[in-house]
Amino acid sequence: MKTECNGDYVKLKGKTYPCTVSLTMDLIGGKWKAVILYHLKDEPKRYSELRKEIPSVTEMTLSLQLKQLEKDGLISRKLYGKKPPIKVVYSLTDLGNSFVPLLEAITEWGNQVILEKGEFLISEGE
């Protein structure tokens, strides 16, 4: 038996995984989920704020990833107002907040890799 599992498989919300690493990567894996969580770690944000902070993600991808993160319980979506334009704000849930130390470790590791083997680039707009 694997040390990260109490059995041969783990199950969350009706979905079975071979181990907890697989479960974790399903929840936060992919190109954009961790990036979105990173941008929400300090404060709630509106969709438009996320678009500005992550300009390389398409609108469709951002929308789909936000829906998936909400479905998985990592972020919440709160609506303000009764008629358009309705204000929508995204924030981390308790589960999402529990991931922040890992986000910070991932960020630190990435920074170290760049310092040792790459370079930081300044965007043309800055």
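# A tour of the predicted model

The protein chain has 6 helices and 5 strands. What you have open is a predicted model. Work through the stops below in order.

**Whole chain**

Show the protein chain as a cartoon and follow it along the sequence. The pattern reads β-β-α-α-β-α-α-β-β-α-α. Along its principal axes, the C-alpha trace spans about 50 × 50 × 25 Å.

The protein chain has 126 residues, of which 28% count as buried. Take the contacts between residues at least 6 apart in sequence: 38% of them join residues at least 24 apart.

**Stop 1: Lys13**

Select Lys13. You are in the loop between strand E1 (10-12) and strand E2 (15-17). Check the backbone here: Lys13 has a positive phi of about 50°, yet it is not a glycine. Most residues other than glycine have a negative phi. Is Lys13 buried or exposed? Its relative accessibility is 62%, over the 50% cut-off, so Lys13 counts as exposed.

**Stop 2: the largest pocket**

Select Gly30, Lys31, Ala34, Val35, Tyr38, His39, Leu103, Ile106 and Thr107. Together these residues line the largest pocket. The volume of this pocket is about 170 Å³.

Which helices each supply at least two residues of the lining? They are H2 and helix H6 (100-117). H2 gives the largest share, with 4 residues. Colour the lining by residue type: 5 residues are nonpolar, 3 are polar and 1 is charged.

How is such a space found? Rolling a probe the size of a water molecule over the atoms shows where empty space is left.

**Stop 3: Lys41**

Move on to Lys41. This residue sits in the loop between helix H2 (33-40) and strand E3 (45-46). Show side chains and pick out Asp42. The side chains of Lys41 and Asp42 make a polar contact at 3.5 Å.

Next, look for partners farther along the chain. Leaving aside residues up to four places away in sequence, Lys41 touches Leu92, Val100 and Glu104.

**Stop 4: the loop between E4 and E5**

Start with the backbone. The peptide bond from Pro84 to Pro85 is cis, with omega near 0°. Most peptide bonds are trans. Pro85 lies in the loop between E4 and E5.

What does Ile86 touch, not counting residues up to four places away in sequence? Its contacts are Arg46, Leu79, Tyr80 and Gly81.

**Stop 5: Val113**

Finish on Val113, which is found in helix H6. Its relative accessible area is 30%, so Val113 is partly exposed.

Val113 and Glu70 are 31 Å apart in space, C-alpha to C-alpha. In sequence, 43 residues separate Val113 from Glu70.

Technical notes: Residues numbered from 1 in each chain as written. Predicted model: local features only at pLDDT ≥ 70, side-chain atom pairs only at ≥ 80, totals over all residues. Heavy atoms only, no water. Polar contact = N/O pair within 3.5 Å; in protein donor to acceptor, adjacent residues only side chain to side chain. Contact = heavy atoms within 4.5 Å. 1 Å grid on protein atoms, 1.4 Å probe; cavity = no way out; pocket = protein on both sides within 12 Å on 5 of 7 lines; lining within 4 Å. Points joined across faces, edges and corners; volume = space filled by probe spheres on them. Nonpolar A, V, L, I, M, F, W, Y, C, P; charged D, E, K, R; others polar. Buried < 20%, exposed > 50% of the residue type's maximum accessible area, 1.4 Å probe, protein only.
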